[in-house]
Amino acid sequence: MKTKSKKFKEIETQDKLQLVAEWLDEKQAIDLIAIDVTGICPISEIVMVVSAKGIRHAQSLADNTLEKLSTGNIEYLGMEGYQTGDWILLDLNDIIIHIFQEDNRGFYNVEGLWSEGTKVELDINR
């Protein structure tokens, strides 16, 4: 019996988190935070929240992240909110990324929603 080869590269959540943080940082994402929500959130292990300078910047952050995932053959499930660019959500299965405009970030307060989680220190060059 033949075993099916894996379609996507398997990567540990912490390694994926570090890669994504670096990709967002190199495209000048603002105030990047990551929260470990393991055991709190039934659909993800990490929630990332970043701010963008404008709609085009938010779309650029999403485009760059999805392009790098695709190039690295790393799986992602989907994206919402791209057209308006006010709040873009990227679902990487074990990591959920929220890309906000500054005023929307404060209004929706995703960090507060997941305040029971543990903030993850990211190794980025800022």
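Reader: Which residues is methionine 48 in contact with, leaving aside its neighbours within four places in sequence?

Author: The model is a predicted one. Methionine 48 has contacts with Leu17, Val20, Ala21 and Leu24, with Leu32, Ile33 and Ala34, and with Ile95, Ile96, Ile97 and His98. Met48 also belongs to the largest nonpolar core, which has 26 residues. Within that core, Met48 is one of the residues that touch the most other members, together with Leu17, Leu24, Leu90, Ile97 and Ile99.

Reader: Which helices and strands each supply at least two residues of this core?

Author: The helices are α1 (13–26) and α2 (55–71), and the strands are β1 (30–36), β2 (46–52), β4 (87–91) and β5 (95–101). Apart from this core lies another, of 9 residues, including Ile33, Cys41, Val110 and Trp114.

Reader: How is the packing of α1 and α2 to be described?

Author: Two packed helices are described by the angle between their axes and by the distance between those axes. In this model, α1 and α2 pack at about 140 degrees, and their axes are 10 Å apart. An angle over 145 degrees would count as roughly antiparallel; α1 and α2 are therefore oblique to each other. The crossing in which α1 passes α2 is right-handed.

Reader: Which residues make the contact?

Author: From α1 come Val20, Trp23, Leu24 and Glu26, and from α2 come Leu61, Asn64, Thr65, Lys68 and Leu69. By class, the residues of this contact are 5 nonpolar, 2 polar and 2 charged.

Reader: Is glutamate 67 buried or exposed?

Author: Exposed means over 50% relative accessible area. Glutamate 67 has a relative accessibility of 53%, and therefore counts as exposed. This residue lies in helix α2. From glutamate 22 it is separated by 45 residues in sequence and by 14 Å in space, C-alpha to C-alpha.

Reader: What is phi of asparagine 73, and what is phi of asparagine 93?

Author: Phi of asparagine 73 is near 55 degrees, a positive value in a residue other than glycine. Asparagine 73 is found in the loop between α2 and β3 (78–80). For asparagine 93, phi is near 80 degrees, again positive in a residue other than glycine. The loop between β4 and β5 holds asparagine 93.

Note on methods: Residues numbered from 1 in each chain as written. Predicted model: local features only at pLDDT ≥ 70, side-chain atom pairs only at ≥ 80, totals over all residues. Heavy atoms only, no water. Core = buried A, V, L, I, M, F, W, Y, C linked by side-chain atoms within 4.5 Å. Buried < 20%, exposed > 50% of the residue type's maximum accessible area, 1.4 Å probe, protein only. Helix = DSSP H or I, 4+ residues; strand = E, 2+ residues; numbered from the N terminus. Contact = heavy atoms within 4.5 Å. Axes fitted to C-alpha atoms, helices over the stretch in contact; angles between N-to-C directions. Parallel < 35°, antiparallel > 145°, perpendicular 65-115°, else oblique. Left-handed = near helix turned anticlockwise from the far one by under 90°. Nonpolar A, V, L, I, M, F, W, Y, C, P; charged D, E, K, R; others polar.
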